[in-house]
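Let's take a friendly walk through a protein model, from its overall layout down to individual side chains. Have the viewer ready and follow along as we go.

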Amino acid sequence: MRLKWSIPLVICFLAGTASARRAGDPLRPGFNLFSKDQDVQLGQENAQEVRKQYEIVREPSLQDYVRRVGDRLAAAQEARQSGFQFTFTLLNVPQVNAFALPGGPMFIFTGLFKELDNEAQLAGVMAHEMSHVILRHGTHEASKANLIKLPLALAGAVTCLLYT
């Protein structure tokens with residue numbers, strides 16, 4: 001009975017490992033209707049809104065520390081090859097959170113900053129957020145949403161034409 005399940009499991013395992021990304025292989029972001037320039041523009045516009053809505057930490061040594069950690073991460077090959085210019089800002093917000101916008105602006109809340117035990121934890125959170133930018137997750141999701149809306153809009157237009 002075990003052999004019956006073993007063969008499909010081995011096939012699935014081999015298929016998964018064969019399709020896995022290997023170190024040095026280029027990253028393959030998903031489907032995206034937006035250009036990289038549009039990612040940058042969207043990110044900059046939204047970053048301005050974030051800066052208006054939240055208080056920026058005014059302590060230069062804290063901002064410099066966050067920037068230095070981020071700059072080391074941005075020096076990694078994948079980040080450099082993305083073509084995005086990353087910025088790092090510490091916001092005076094008590095929530096435990098961090099986020100990055102399309103094109104590279106990243107924001108870390110003081111609530112998260114206070115909960116961290118060491119620099120490695122901060123770097124891990126920041127690397128996670130950078131991966132969203134590099135893989136263009138924000139505009140990828142917007143593209144998927146637009147793909148759903150487009151057929152609905154076309155169907156609506158066709159329906160209007162048929163009944164007018």
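A residue is called buried here if its relative accessible area is under 20%, exposed if over 50%, and partly exposed in between. With that cut-off in hand, take Thr-89: its relative accessibility is 9%, so Thr-89 counts as buried. Please keep in mind throughout that this is a predicted model.

Now step back to the whole chain. The protein has seven helices and three strands, and along the sequence they follow the pattern α-α-α-α-β-β-β-α-α-α. Of its 164 residues, 30% count as buried. The accessible surface comes to about 10,900 Å², and carbon and sulfur atoms account for 61% of that. If you look at contacts between residues at least 6 apart in sequence, 63% of them join residues at least 24 apart.

What does β3 pair with? Strand β1 (residues 87-91) pairs with β3 in the parallel sense, over five bridges, and here Phe-88 stands opposite Met-106. Strand β2 (residues 98-100) pairs with β3 in the antiparallel sense, over three bridges, with Phe-99 opposite Phe-107. The hairpin of β2 and β3 has four residues between the strands, and Gly-103 in this hairpin takes a positive phi near 90°.

This brings us back to Thr-89, whose place is in strand β1. Which residues does Thr-89 touch, once neighbours within four places in sequence are left aside? Its contacts are Arg-51, Ile-56, Gln-63, Met-106, Phe-107 and Ile-108.

Aromatic rings come next. A pair of rings is described by the distance of the centres and the angle of the planes. The structure holds five aromatic pairs. In one of them, the rings of Tyr-65 and Phe-113 have centres 6.1 Å apart and planes at 75°, so this pair is edge-to-face. Tyr-65 belongs to helix α3 (residues 60-74) and Phe-113 to helix α5 (residues 110-115), so the pair ties together parts that are 48 residues apart in sequence. Tyr-65 itself counts as partly exposed, at 23% relative accessibility.

Phe-86 and Phe-88 make a stacked pair, with 6.5 Å from centre to centre and 15° between the planes; both residues are buried. Tyr-54, Phe-99, Phe-107 and Phe-109 form one aromatic cluster. Another ring, that of Phe-84, has the charged end of Lys-36 sitting over it, 5.5 Å from the ring centre.

Finally, turn to the charged side chains. A search of the whole structure finds five salt bridges. In one, the side chains of Arg-136 and Asp-39 meet at 2.9 Å, N to O. Arg-136 is in the loop between α6 (119-134) and α7 (137-162), while Asp-39 is in helix α2 (residues 36-53), and the pair links these parts of the chain across 97 residues. Are the two partners buried or exposed? Both Arg-136 and Asp-39 are buried.

Another salt bridge joins Arg-67 and Asp-71, whose closest N and O atoms are 3.2 Å apart. Both lie in helix α3, four residues apart, about one turn of the helix. Arg-67, at 36% relative accessibility, counts as partly exposed, and Asp-71, at 34%, counts as partly exposed too.

Glu-119 forms a salt bridge with Arg-72, and here the closest N and O atoms are 2.2 Å apart. Glu-119 lies in helix α6 and Arg-72 in helix α3, so this pair ties together parts that are 47 residues apart in sequence. Glu-119 counts as partly exposed, at 31% relative accessibility. To complete the tour, salt bridges that share partners join Asp-64, Arg-67 and Asp-71 into one network.

How values were computed:
Residues numbered from 1 in each chain as written. Predicted model: local features only at pLDDT ≥ 70, side-chain atom pairs only at ≥ 80, totals over all residues. Heavy atoms only, no water. Phe/Tyr/Trp six-rings, centres within 6.5 Å; stacked < 30°, edge-to-face > 60°. Helix = DSSP H or I, 4+ residues; strand = E, 2+ residues; numbered from the N terminus. Buried < 20%, exposed > 50% of the residue type's maximum accessible area, 1.4 Å probe, protein only. Lys NZ or Arg CZ within 6 Å of the ring centre and 35° of its normal. Pairing = 2+ DSSP bridges. Contact = heavy atoms within 4.5 Å. Areas by Shrake-Rupley, 256 points an atom, 1.4 Å probe, with all protein chains shown as cover. Salt bridge = Lys/Arg side-chain N within 4 Å of Asp/Glu carboxyl O.
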